[in-house]
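Visitor: I am new to protein structures and would like a friendly tour. Could you show me one and talk me through it?

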Amino acid sequence: MISRRATALTACTLAIVAGVLIAGHEPIFPPPRGLWLGTLPVQGDRADAMRAGLTHCTSATRNRLRCRKDGVMLMGLGPYTAAVDMYGADGRGGFYQLTLWDSDDQDTVQEVGTRLKAQGWSLCRTAHNEFAGDQEIYTRAGAPVRFSIDISYWGKRRLRILPELNEPTGHCWSH
């Protein structure tokens, strides 16, 4: 027979665990409307990611789903690995940016920046110089997206393509 004390401890433990789970739950909002840059989804729902071939999905965290695709080309450059991070363990909250990187060569994503600048995109750096880290942010009036390229030498460089929300880029030094 289980004692009353053990039963009370078990009930108390279950209540604490339930409280922690409820407190840690993030609300999942409906996914954003799809936004594409050519054949690449910049934001959208899980179906958009699947249509673009981002079908290798794993749980990034308890409440996020990361879907990837290898061999992605951008502006004739690559191949890159692409990923979207969706809200909700099943991806039902959609994604709000596309991330590209090259695991073998940290410098290749910066070639995209060179092409963007040659095409008239404005460059803003969030650091004083290219050795201090941070981001190169490329924008162009009327473009539906902006590009953010890591320029830090301390981590894996990535290129993020984000919807243009006409928000400030932070404290930047134009070049």
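Guide: Gladly! A pocket here is an open set of grid points where a 1.4 Å probe fits, with protein on both sides within 12 Å along at least five of seven lines. Please keep in mind that this is a predicted model.

Visitor: How much space lies in the largest pocket, and which element gives the largest share of its lining?

Guide: The space in the largest pocket comes to about 160 Å³. Its lining has 10 residues, with Arg146, Leu162, Pro163, Leu165 and Glu167 nearest the centre. Two elements, strand S9 (145-150) and strand S10 (159-163), each give two or more residues to that lining. The largest share, 3 residues, comes from S10.

Visitor: Is Thr81 buried or exposed?

Guide: Thr81 is found in strand S5, which covers residues 77-87. Its side chain makes a polar contact of 2.9 Å with the side chain of Asp70. The relative accessible area of Thr81 is 10%. Buried means under 20%, so Thr81 is buried.

Terms used. Residues numbered from 1 in each chain as written. Predicted model: local features only at pLDDT ≥ 70, side-chain atom pairs only at ≥ 80, totals over all residues. Heavy atoms only, no water. 1 Å grid on protein atoms, 1.4 Å probe; cavity = no way out; pocket = protein on both sides within 12 Å on 5 of 7 lines; lining within 4 Å. Points joined across faces, edges and corners; volume = space filled by probe spheres on them. Helix = DSSP H or I, 4+ residues; strand = E, 2+ residues; numbered from the N terminus. Buried < 20%, exposed > 50% of the residue type's maximum accessible area, 1.4 Å probe, protein only. Polar contact = N/O pair within 3.5 Å; in protein donor to acceptor, adjacent residues only side chain to side chain.
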